[in-house]
Amino acid sequence: MKSVFHDRYGPPEVLRIKDIPVPEPGRGEIRVAVHASSVTSGDARVRRADPFLVRLFFGLFRPRKTLPGYEFAGTVEALGPEVSRFQVGDRVFGATGFDFGALAEFLVIKEEATLIKMPEDWSFTDAAAIPFGATTARCFLEDKGHIQSGDRVLVHGASGAVGVAAVQVARIHGAAVDGVCGPKHLELIQSLGAEQVFDYHHESPPAESYDLIFDAAGKLKASDAKAWLRKGGRFVSVQKGLAKERPADYPLIREWMDDGKLKPVIDQIYDLDDIVAAHRKVDGGHKTGAVVIRIRE
Ligand SMILES: NC(=O)c1ccc[n+]([C@@H]2O[C@H](COP(=O)([O-])OP(=O)(O)OC[C@H]3O[C@@H](n4cnc5c(N)ncnc54)[C@H](OP(=O)(O)O)[C@@H]3O)[C@@H](O)[C@H]2O)c1
């Protein structure tokens, strides 16, 4: 089968397509025929070994995990022994956690991992665009930001994968949401439910106005956040700590998507063979939502 492969850290060109054996599912594992995956900002950071801490987790001199790819959507194609949650033919979407390997024609994953069946009427490309942003937004807004219904929330960096999910998740929680993004994204962020949207190049949100500020891009100065918060307001940044992998996120994400409350935002869809171009796009730091990789028609 075809898989993306890298045995060095570095620029997008360290990635190549390699022919490797189709993996066999073991006890409690399923094999998924992957239809779509993505390149997240996290995938690009691991490839670049940026920050240096990446090397402590994934290999000091060379990556121990040579098959990248985190989000996926596809069809269950084979079952290992003792699998009870899934059947051959089920359409599923999810994320691999730090095992990676989703940028391949087939993926073996534990049935208890962060994945779930997806409705028949969803496209695989839409489903593959959701998990990274939505699970990160949930973790930062709920666990760290303690978001409450009625809060006035500012999402700074509202147009990336985490930002577009955060605007929508904050609205789902009953917050009034404002966003900060670049000029080409103002309408998009409003269409996702933000009331006021500010262009970070030459506008500032109002002072002392927010119960919760979430810096979804990791670009906001603490002094600015402090000036825009109401007394007792909370500031959380995506740069502080790691989002947790939680299987319990997935039933909620599926429900929100089914209800039309959480919409995928896709910058561009690339073919697997164009993986280097897709990583270059992500390295640019200005993508809109997700960069999706189509693996099967
Ligand atoms: N801690 C965790 O567990 C965790 C999890 C996920 C992500 N992250 C981190 O969170 C950050 C965002 O992730 P992502 O996947 O959403 O990234 P992304 O999709 O690459 O974000 C790109 C967006 O950031 C916006 N942006 C760039 N510079 C900005 C600035 N100065 N002010 C406001 N917005 C700006 C861009 O808007 P314009 O094009 O308009 O400039 C673009 O739409 C990354 O640093 C990532 O490593 C951390």
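Into which domains is the protein chain divided? The chain comprises domain 1 (2-130 + 264-294) and domain 2 (133-237), with bounds that come from an automatic or database domain assignment. The model is predicted, so that local features need pLDDT of at least 70 and side-chain atom pairs count only at pLDDT 80 or more, whereas totals for chains, interfaces and linings use all residues. Residues are numbered from 1 along each chain as its sequence is written, and side-chain values use heavy atoms, with hydrogens and water left out.

The centres of the two domains, taken over C-alpha atoms, are separated by 28 Å. Domain 1 contributes 7 residues to the contact and domain 2 contributes 11 residues, contact being defined as heavy atoms within 4.5 Å. Between the domains, about 650 Å² is buried, with 51% given by carbon and sulfur atoms; buried area is the accessible area (1.4 Å probe) that two parts lose on being put together, summed over both. Of the area that domain 1 buries against domain 2, 51% is supplied by Ile130, Val265 and Thr288, more than by any other three residues.

Across this interface, 0 salt bridges are found (a side-chain nitrogen of Lys or Arg within 4 Å of a carboxyl oxygen of Asp or Glu).

His279 is located in helix 9 (residues 275-283), helices being DSSP runs (H or I, at least four residues) numbered from the N terminus. His279 is buried, with a relative accessible area of 1%, where buried means under 20% relative accessible area (1.4 Å probe, protein chains only). Beyond its neighbours within four places in sequence, His279 contacts Pro12, Leu15, Val39, Asp43, Ala44 and Arg47.

How values were computed: Helix = DSSP H or I, 4+ residues; strand = E, 2+ residues; numbered from the N terminus. Buried < 20%, exposed > 50% of the residue type's maximum accessible area, 1.4 Å probe, protein only.
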